[in-house]
Amino acid sequence: MNKDLLWKIVYKNLEPDEEGLREVICALGNGYFGTRGAATEALPAEMHYPGTYIAGLYNRLATYISGRTVYNEDLVNCPNWTYLTFKIRDSEWFCPSTAKIISFRKELDMKNGVLVRDIRFKTRRGYRTRIIENRIVHMAYPHIGAISYAIIPENYSDYITVRSMLDGAVLNMNVERYRQLNSNHWIAHKMGQFADNGIYLSAKTSSSRIEICEASKLRVFAGNKEKNPRLEVIRHAEKVIGQEFRIFAQRKHPCLIEKTVAIYTSRDKGVRDPKVSAINAVKKLKRFETLISSHKQAWFKLWDKFDIQVEGDAFAQQVLRLHIFHLLQTASVHNREIDAGLSARGLHGEAYRGHVFWDEIFVKPFYTLHTPEISKALIMYRYRRLPKAREYARANGYRGAMFPWQSGSSGREETQVMHLNPRSGKWGPDYSYLQRHVSVAIAYNVWNYWRLTKDEEFLEKVGAEMILSIAQFCASIAKFSAKDDRFHVGHVMGPDEFHEKLPNSHQAGFKDNAYTNFMMVWTLLKAREVLKIISYRGKSRIMKKLKITPKELKVWNAITKKMNLVINNEGIISQFDGYMQLKELVWSEYRKRYKNIKRMDRILKAEGKSPDAYKVSKQADALMIFYLFPLPQVQEIFNRLGYPLNRQLLARNYDYYIARTSHGSTLSKVVHCFLSKVLGRQKDFWLWFVEILKSDIYDTQGGTTPEGIHCGVMGGSIDIVVRCFAGIELGDEWIKLRPQLPDKWRRLKFKIYFQGKWILFDITKSQVKIHIQKGKRRQDFLAFEINSKLQYLNAGRTFKFSLKNR
């Protein structure tokens, strides 16, 4: 395959049923805002959805439904800045979905961050026209978007009318199951024009009172000369402002329109008046060719850090780059100036209402190992909401900090109270807020950021307080029972989500979810370790602030030795207390009847049954433990608790749960992929990895990707490459390397940033090259274990090692 094509996703025809998926795959963003890759000529409809989303811009609305009023906070669909179309004389306005298309090409250029469309169409009169669009969301200038739109008459000369708009009449309508809910977030629209062919549109969210302003400017070129056609300003319904002009287009001579836009909000750092900021910014913008040049330079610098090069597997190479591309558009270095978390579905759509979940745990290594500032910025989003997490804990009778399962603007619990089952059409209660494991996931992310960066100042001022506050919560939710001399955690849900309560129980939640209990023990152990690492002054300050007493520390220690895990006689770790008493599901019958059974919860409920009664899981739950930690670390904690564990028991648990999991979440594929590699099941490992790669680009979950990317599976795919194919295990002061490339792969090349040093890995089946760049830390070497031998490699040199046959 041509090497350039390894940087591109290309669609060569217009497929109405696939347009929603392609809009997400071709979305552009820069961490501050993201815009779906919808046709510029299209208004929101069943086929097209031109959404734009700004990181952290939420609004809350009330809806009366199913006999009660519910409140939901959403990542708001912002005014559409991309709208641009034309018509020839008195014909219809051009739109790809209604025109007679001769040829079509939509190309996402990931290397340069450009969306390119090349369309030829024919009118009823026989006029043939070619359109070439280049679109960017500027990676260096976070508030800027731009479009270059060339109209080329192929067999005629005639007048054309061009229309550009800023469309404020937008709703949140991307997710079908939310459409019964109130979705009109914008009020107080204002609009106008300014010098230099500019217009602006401002609006305000109805409850969060965030003001946005979009300012756009048009420049027109024909015959290599800039034209100044008379621009007519149009307004519609007090929510839309646009410009129209008429120009004579000559046969085979391009008419080029350049549309630039600046977007600012009242929550932006240092912005007093979004209107003034937007207008001033767009006035200063130069030609599209100048903008795209600096935009490409910004992407070049990013790819130099983040690219993964694979030789021998074109599909894997393309998709891994697609995943890197979209993660960099979801969160970037601009997040240092933005108070926003990592939306589980990116800045690409409205699924999960743009909320922040635990998915970060799958994505943070990607950012930390390449640009730690991004990870730090995302952690700071959580840190600023630490007071709200403490308030949430107190409200539920706990100490410390309990973070919400779904987080948005303020840090309060944003999990919906009612959930629609699209299969049955019925609304029912949502108990997923009981997933208290999100707090320990945050502690895990904080610890690993520190471990991989050795950012001592961060740990002293931020990280220690977060980990210790979460540890307080863990200790307060764990209750001691004299009956079995064990601590127990009740009223929680694990990652599974299909199970909400025990059969015939009136109370939601479970006792002793294995994953939650294990993670709480780990958090308490790390909290004690943090107290040993930070300075004496820092320890005194944090102990006083959090009112942690020596007596409390003794309780923490007791919990780490006596936390309960339910394990049966065969060594199967029970997902929760009572799981083993549930009924078995006849999986073959359901596969035959429904084909796609990933959402078995919805299927069972639509049949009048409950997943609570069966051994059926949405995704890996107990097995998550072995994804996050090497087996020796898990064994150490199990043994500390008094439970045996070995590789054979891990294999037994893997086989047990994989037979009872529907993989209704893409995250499940990541966990099972990793564990199949740990267990040496190479065939299964490769099949899982291919499934991971297919997840979003082919929308294998069946209609979920058009609602937004899955950040977790994208981050997970890169984690699998680093930990499994490259065989990298990052210790506290060393790196273990045991590469094992797939049969198809000839070469794997990438960089990571570890404890202040860039390390370049160049791996083939027979050899590995390692180059360590000199870093800021005094220590000028790193310890590596290669071929089971410990070696100290000096920075500034390249080392080659032959790999033993495996």
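In the predicted model, R36 is buried, with a relative accessible area of 2%. This residue belongs to the loop that links β3 (33-35) to β4 (52-54). Beyond its neighbours within four places in sequence, R36 makes contact with G20, E23, V24, A27, Y49, G51, Y53, R135, N174, H348, G349 and P706. A polar atom of the R36 side chain lies 2.9 Å from the backbone oxygen of Y49. H48 stands twelve residues from R36 along the chain, and the C-alpha atoms of R36 and H48 are separated by 9.8 Å.

With neighbours within four places in sequence set aside, the contacts of K479 are R486, F487 and H488. Its side chain reaches the backbone oxygen of S476 at 2.8 Å. The C-alpha atoms of K479 and M563 are 9.3 Å apart in space, with a separation of 84 residues in sequence.

The largest nonpolar core has 232 residues, and W358, L748 and I770 have the most contacts inside it. The greatest contribution to this core comes from helix α9 (residues 456-477), which supplies 13 residues. For I770, the contacts beyond four places in sequence are L737, I759, L760, F761, F784, I786, L793, R797, T798, F799 and F801. In soluble globular proteins, nonpolar side chains tend to be buried together.

Helix α18 (residues 666-678) comprises 13 residues and spans 19 Å from its first C-alpha to its last, close to the 18 Å expected at 1.5 Å a residue. The helix is mostly covered, with twelve of its 13 residues buried. The buried set consists of T666, L667, S668, K669, V670, V671, H672, C673, F674, L675, S676 and K677. These buried residues pack against α5 (360-368), α15 (624-628), α17 (647-658), α19 (682-697) and α20 (711-725). At the N-terminal end, α18 is capped by S665, a side-chain oxygen of which lies 3.1 Å from the backbone nitrogen of L667. After α18 comes G680, with a positive phi near 75 degrees.

Technical notes. Residues numbered from 1 in each chain as written. Predicted model: local features only at pLDDT ≥ 70, side-chain atom pairs only at ≥ 80, totals over all residues. Heavy atoms only, no water. Helix = DSSP H or I, 4+ residues; strand = E, 2+ residues; numbered from the N terminus. Buried < 20%, exposed > 50% of the residue type's maximum accessible area, 1.4 Å probe, protein only. Contact = heavy atoms within 4.5 Å. Polar contact = N/O pair within 3.5 Å; in protein donor to acceptor, adjacent residues only side chain to side chain. Core = buried A, V, L, I, M, F, W, Y, C linked by side-chain atoms within 4.5 Å. Expected span 1.5 Å × (residues − 1).
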